[in-house]
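Subject: Structure handover

Hello,

Here is the structure you are taking over. My notes on what was found in it follow below.

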Amino acid sequence: MSDVIAMVISQKGTCEVGHKVGDEFVMGQKTPCDMCSWAFYTLFPFAQVLQFGGSFPWEEDPCKAIVACPDAANPVVFELRLGLP
């Protein structure tokens, strides 16, 4: 089973947690240290799909997914990608 890495690729407005472009987190079964719990709740289902071999038909790369946090006024966009096993 591979790790899934969540990397911030875009941030607009004011992120209350302070996420910025380039921040990376290893996704697991618990919220990573310093990651917004709302972002984690949003990213977790996508990370699980990737971790267990699934993919998303709208993504060009089957090993990646682009997902935004739920704060529409201050969106933080993450790229999820498979890491090394």
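Two strands are said to pair if DSSP finds at least two bridges between them. The model is a predicted one, and the pairing below was computed from its atoms.

By that definition, β1 (residues 4–11) and β4 (residues 76–82) pair, running antiparallel with seven bridges between them. One of the contacts across this pair is valine 8, whose bridge partner in β4 is phenylalanine 78. Isoleucine 5 also faces β4, where it stands opposite arginine 81.

Put together, the strands form an open sheet of four in the order β2-β1-β4-β3, with antiparallel pairing. The edges are held by β2 (24–27) and β3 (64–68); each has a single partner strand, so one side of each has no neighbour in the sheet. On average, neighbouring strands of the sheet are turned by 30° against each other, direction ignored.

Helix α1 (residues 37–51) packs on this sheet and touches β1, β2, β3 and β4. The direction of α1 makes about 25° with that of β4. A general point for looking at the sheet: side chains in a regular strand alternate between the two faces.

As for the chain as a whole, one helix and four strands make up its elements. Read from the N terminus, they come in the order β-β-α-β-β. The chain has a radius of gyration of 12 Å, close to the 12 Å given by the globule rule for 85 residues, so it is as compact as a globular protein of that length. Along the principal axes, the C-alpha atoms fill a box of roughly 35 × 25 × 20 Å.

The largest pocket holds about 170 Å³ of space. It is lined by 13 residues, and those closest to its centre are Glu16, Cys36, Trp38, Cys69 and Asp71. Sorted by class, the lining has eight nonpolar, three polar and two charged residues.

Regards

How values were computed
Residues are numbered from 1 along each chain as its sequence is written. This is a predicted model: local features need pLDDT of at least 70, side-chain atom pairs count only at pLDDT 80 or more; totals for chains, interfaces and linings use all residues. Side-chain values use heavy atoms; hydrogens and water are left out. Helices (H or I, at least four residues) and strands (E, at least two) are DSSP runs, numbered from the N terminus. Axes are lines fitted to C-alpha atoms, for helices over the stretch in contact, and angles run from 0 to 180 degrees between N-to-C directions. Contact means heavy atoms within 4.5 Å. On a 1 Å grid over the protein atoms alone, a cavity is a set of points where a 1.4 Å probe fits but cannot get out, and a pocket is an open set with protein on both sides within 12 Å along at least five of seven lines; lining residues have an atom within 4 Å of a point. Grid points are joined across faces, edges and corners, and a volume is the space filled by probe spheres set on the points. Ala, Val, Leu, Ile, Met, Phe, Trp, Tyr, Cys and Pro count as nonpolar, Asp, Glu, Lys and Arg as charged, and the others, Gly among them, as polar. The radius of gyration is taken over C-alpha atoms; the globule rule is 2.2 Å times the number of residues to the power 0.38.
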